[in-house]
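Trainee: Could you take me through the aromatic rings here, and then through whatever is packed around them? I'd like a close look at that one part.

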Amino acid sequence: MKKLWAEIGISGWTTILKKANCLSVNTISSEDIECCCPYHNESSPSFRLRVTKGYLKCFGCGKFESNPIKFVADILTAGSYTQALAELRALGLRSISEKDSKALKEKEIKQKVYNEVAYLCNQHL
């Protein structure tokens, strides 16, 4: 997944963050973007997207994500994995084929089911 972040690049991620109405989007280096977090309301930037390192982190709410497709699905396409891939492809993503994207989607669904089962188990212990 790490290479996918770099494939989109700083300008692509800046475009996505602005489309998601993130405030104070600033490129702070050739590798990092800082802005207000798209996951919670805040007035000063605590969210950092590390393009070459392949992850994002909010120092305010603790959100961490290393899957760029899931990130775009979360903040821009109301959870739609297919629409997130379309957004990323429009910005230059070429390394994920249709076959690969279906496999990634299946993996994501399995992970959601696992998370729900783990949550339910923890609630009943």
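Mentor: Happy to! Let's settle one term before we start: a residue is buried under 20% relative accessible area, exposed over 50% and partly exposed in between, using a 1.4 Å probe and protein chains only. You are looking at a predicted model, in which local features need pLDDT of at least 70 and side-chain atom pairs count only at pLDDT 80 or more, while totals for chains, interfaces and linings use all residues. Residues are numbered from 1 along each chain as its sequence is written, and side-chain values use heavy atoms, with hydrogens and water left out.

Let's begin with Trp-5, which is buried at a relative accessible area of 0%. Trp-5 belongs to helix H1, where helices are DSSP runs of H or I with at least four residues, strands are runs of E with at least two, and both are numbered from the N terminus. Contact here means heavy atoms within 4.5 Å. Setting aside neighbours within four places in sequence, Trp-5 has contacts that include Trp-13, Leu-49, Tyr-55, Pro-68 and Phe-71.

Now the rings themselves. Those of Phe, Tyr and Trp (its six-membered ring) pair if their centres lie within 6.5 Å; planes under 30 degrees apart are stacked, over 60 edge-to-face, and the rest tilted. That rule gives six aromatic pairs. In one of them, Trp-5 and Trp-13 have ring centres 4.8 Å apart and planes at 35 degrees, so this pair is tilted. Trp-13 is buried too, at 0% relative accessibility. Another tilted pair joins Tyr-39 and Phe-71, with 6.3 Å from centre to centre and 45 degrees between the planes. This second pair links distant parts of the chain: Tyr-39 sits in the loop between strand E2 (32–35) and strand E3 (47–50), whereas Phe-71 is in helix H2 (residues 68–75), 32 residues apart. Phe-71 is buried at 0% relative accessibility, but Tyr-39 is partly exposed at 27%. Put together, Trp-5, Trp-13, Tyr-39, Phe-47 and Phe-71 make one aromatic cluster.

A charge sits over a ring if NZ of Lys or CZ of Arg is within 6 Å of the ring centre and within 35 degrees of the ring normal. Lys-63 lies over the face of Tyr-39, 4.9 Å from the ring centre.

Next comes Leu-49, which is part of strand E3 and is buried, with a relative accessible area of 0%. Beyond four places in sequence, Leu-49 touches several residues, among them Trp-5, Trp-13, Leu-17, Ile-33 and Phe-71.

The axes of H2 and helix H3 (residues 81–90) come within 8 Å and cross at roughly 110 degrees. Axes are lines fitted to C-alpha atoms, for helices over the stretch in contact, and angles run from 0 to 180 degrees between N-to-C directions. In this contact, Pro-68, Ile-69, Val-72 and Ala-73 of H2 meet Tyr-81, Ala-84, Leu-85, Glu-87 and Leu-88 of H3. Those residues divide into eight nonpolar, no polar and one charged. For that count, Ala, Val, Leu, Ile, Met, Phe, Trp, Tyr, Cys and Pro are nonpolar, Asp, Glu, Lys and Arg are charged, and the others, Gly among them, are polar.
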